[in-house]
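The following note is intended for a student who is reading a protein model for the first time. Please keep the sequence and the structure in view while working through the points.

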Amino acid sequence: MDTSDFNIPRFLATQALFTDLSTEELARVAEGCQVRRLARGDTVFRYGEPCREFHVLVLGQVKLFALSPAGQEKVIELVQPGHSFAEALMFTDKPYILNAQALTNSLLLSVGKQVIVNEIGRDPRFSLRMLAGISRRLHGLVHDIETGALHTGMQRVIGYLLREHQVEDCSTGEVHIVSLPVSKATVASRLSLTPEYFSKVLHELESVNLIRIDKRDIHIVDVPGLARYGVQT
């Protein structure tokens, strides 16, 4: 996609934060936006850099991650198209506390802080929509922390594989395919597991005929059985 042809107001209108804005309001917000094309591996921002905008992923995938003093990477979140990030930090006047990197060729919309502040000044209801979006992200992160603290490694992997499936709706014997959007090492880091342990769990599940591994495609052979296995371990 040619960024010069990208219709920013039209895209903003599809996002929950901006759906109630008028055509004039969307045009004003668009003036404070920048569209960026990213190649795989490109940096969106680095820890310690000033945060003067938040971002909405249009196409592709971005990972948010932290680095230990020894250089070990911990993936915090894998951002999918249509999702925003860094909006809460933008209001603190503090630098980025994480790193962000494109995992695939991506298209990113960055929304400047000042244009958001201006819209909040014009209509305080805009701030409520921002708070709602930030709260949803916080709820998701708290859920992830609870999962990591209270569930075993096996349960975390099974939960990841079943995250888009309702067990009661998957009892027909149909094989469901989960395509890992990134490398196994990245998914393992997201689940607070080592790559070796993540692979060990997958092979254990394969050995008991619950899944079949085909590179990045995980074929779930028995969805209810996989869910029961997670409860038992």
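Which residue of β5 does L67 stand opposite? L67 stands opposite E73 in β5.

1. Basis of the note. This is a predicted model, in which local features need pLDDT of at least 70 and side-chain atom pairs count only at pLDDT 80 or more, while totals for chains, interfaces and linings use all residues. Residues are numbered from 1 along each chain as its sequence is written, and side-chain values use heavy atoms, with hydrogens and water left out.

2. Helices (H or I, at least four residues) and strands (E, at least two) are DSSP runs, numbered from the N terminus. Two strands pair if DSSP finds at least two bridges between them.

3. Strand β3 and its partners. Strand β3 (residues 53-59) is mostly covered, since 5 of its 7 residues are buried; buried means under 20% relative accessible area, exposed over 50%, and partly exposed in between (1.4 Å probe, protein chains only). β3 pairs with strand β8 (residues 106-112) in the antiparallel sense over 6 bridges. It is also joined to strand β6 (residues 84-85) by 2 bridges, again antiparallel. H55 illustrates both pairings: its bridge partner in β8 is S110, and its bridge partner in β6 is F85.

4. The sheet of three strands. A further open sheet has 3 strands in the order β9-β11-β10, with antiparallel pairing. β9 (176-179) and β10 (211-214) are the edge strands, each pairing on one side only. Neighbouring strands here are turned by 20 degrees against each other on average, direction ignored. β9 and strand β11 (residues 217-220) pair over 4 bridges in the antiparallel sense, and I177 has H219 as its bridge partner in β11.

5. Helices α6 and α8. How do these two helices lie relative to each other? The axes of helix α6 (residues 153-161) and helix α8 (residues 195-207) come within 10 Å and cross at roughly 70 degrees. Axes are lines fitted to C-alpha atoms, for helices over the stretch in contact, and angles run from 0 to 180 degrees between N-to-C directions. The two helices are therefore roughly perpendicular, a term for angles of 65 to 115 degrees. Contact (heavy atoms within 4.5 Å) is made by G153, M154, V157, I158 and L161 of α6 and by Y197, F198, V201, L202, E204 and L205 of α8.

6. The buried residues include R156 and Y160. Helix α8 lies across β10 and β11, running at about 125 degrees to β10.

7. Cysteines. A disulfide is a covalent bond between the sulfur atoms of two cysteines. With a disulfide taken as a pair of cysteine sulfur atoms within 2.5 Å, the count comes to 0. C33 is buried, with a relative accessible area of 13%, and C51 is buried as well, at 7%.

Conventions: Parallel < 35°, antiparallel > 145°, perpendicular 65-115°, else oblique.
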